[in-house]
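This briefing goes through one protein model by topic. Please have the sequence and the 3D view open while reading.

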Amino acid sequence: MNQNKFDSLIDSLVDSVKNYNLDDSFDHYNAIIEICDNCNYSFEYYRAWQLVNFVRFDMYDNGLKIQLFDEVEIEVKDNGHNTDDTNLDDYILSFAFNILKVATLKKYSEQVKKR
């Protein structure tokens with residue numbers, strides 16, 4: 001994973017939201033959750049590890065560390081995951097899903113504001 005692949009992945013997820021028939025009962029938030037849940041980076045261990053590792057250690061913007069991982073860490077903690085019966089791979093899947101969700105929501109919101 002690198003910055004270009006990450007940006008392309010998030011752009012494709014945002015583009016997928018446009019293909020949904022959004023209304024009051026199924027808004028962009030619901031669509032993004034469904035899209036991210038079906039993305040292979042949120043359910044394949046190898047890809048999830050790559051994504052989490054990139055965002056945690058290698059993601060930079062103009063030389064400054066992006067705070068995406070910190071936001072996702074809070075999101076995962078706020079969801080109250082019980083880690084008693086969870087292995088590390090499953091925990092990484094949760095982080096990967098939330099990385100996709102948070103990044104896609106941000107990018108989608110930015111595009112909506114520009115309209």
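Is N21 buried or exposed? N21 counts as exposed, at 67% relative accessibility; the classes are buried under 20% relative accessible area, exposed over 50% and partly exposed in between, with a 1.4 Å probe and protein chains only.

The model is predicted, so local features need pLDDT of at least 70 and side-chain atom pairs count only at pLDDT 80 or more, while totals for chains, interfaces and linings use all residues. Residues are numbered from 1 along each chain as its sequence is written, and side-chain values use heavy atoms, with hydrogens and water left out.

**Helix α5**

- Helix α5 covers residues 88–114, which makes 27 residues; helices here are DSSP runs of H or I with at least four residues, strands are runs of E with at least two, and both are numbered from the N terminus.
- From its first C-alpha to its last, α5 reaches 39 Å, close to the 39 Å expected at 1.5 Å a residue; the expected span is 1.5 Å times one less than the number of residues.
- At the start of α5, a side-chain oxygen of N87 comes to within 3.1 Å of the backbone nitrogen of D89.
- N98 is also found in α5, and N98 counts as buried at 2% relative accessibility.
- A polar atom of the N98 side chain lies 2.8 Å from the backbone oxygen of S94.
- A polar contact is a pair of N or O atoms within 3.5 Å; within protein, one must be able to donate a hydrogen and the other to accept it, and residues adjacent in sequence count only if both atoms are side-chain atoms.

**Salt bridges**

- The whole structure holds 5 salt bridges, each defined as a side-chain nitrogen of Lys or Arg within 4 Å of a carboxyl oxygen of Asp or Glu.
- Side chains of opposite charge can pair when their charged atoms come close.
- One of the bridges joins D11 and K107, whose closest N and O atoms are 2.8 Å apart.
- This pair links distant parts of the chain, with D11 in helix α1 and K107 in helix α5, 96 residues apart.
- D11 is partly exposed at 30% relative accessibility, and K107 is partly exposed at 27%.
- Another bridge is formed by the side chains of D15 and K18, at 3.3 Å from N to O.
- D15 is partly exposed with a relative accessible area of 40%, and K18 is partly exposed with 47%.
- E44 and R47 also form a salt bridge, and their closest N and O atoms are 3.0 Å apart.
- E44 counts as partly exposed at 31% relative accessibility; R47 counts as partly exposed at 29%.

**Largest pocket**

- The largest pocket has about 340 Å³ of space.
- A pocket is an open set of points on a 1 Å grid over the protein atoms alone, where a 1.4 Å probe fits, with protein on both sides within 12 Å along at least five of seven lines.
- Grid points are joined across faces, edges and corners, and the volume is the space filled by probe spheres set on the points.
- Lining residues have an atom within 4 Å of a point; there are 14 of them, and the closest to the pocket centre are F6, D7, M59, A103 and K107.
- The elements that give two or more residues to the lining are α1, β1 (60–61) and α5.
- The largest share of the lining, 5 residues, comes from α1.
- By type, the lining has 7 nonpolar, 1 polar and 6 charged residues; Ala, Val, Leu, Ile, Met, Phe, Trp, Tyr, Cys and Pro count as nonpolar, Asp, Glu, Lys and Arg as charged, and the others, Gly among them, as polar.

**Positions along the chain**

- S16 is found in helix α1 (residues 3–17) and is partly exposed, with a relative accessible area of 25%.
- The C-alpha atoms of S16 and A31 are separated by 8.6 Å, at 15 residues apart along the chain.
- N21 is in the loop between α1 and α2, and its C-alpha is separated by 9.1 Å from that of A31, 10 residues apart along the chain.
- R47 has its place in helix α3 (residues 45–58); the C-alpha atoms of R47 and A96, 49 residues apart along the chain, are 8.7 Å from each other.
- S42 lies in the loop between α2 (28–38) and α3, and S42 is buried, with a relative accessible area of 8%.
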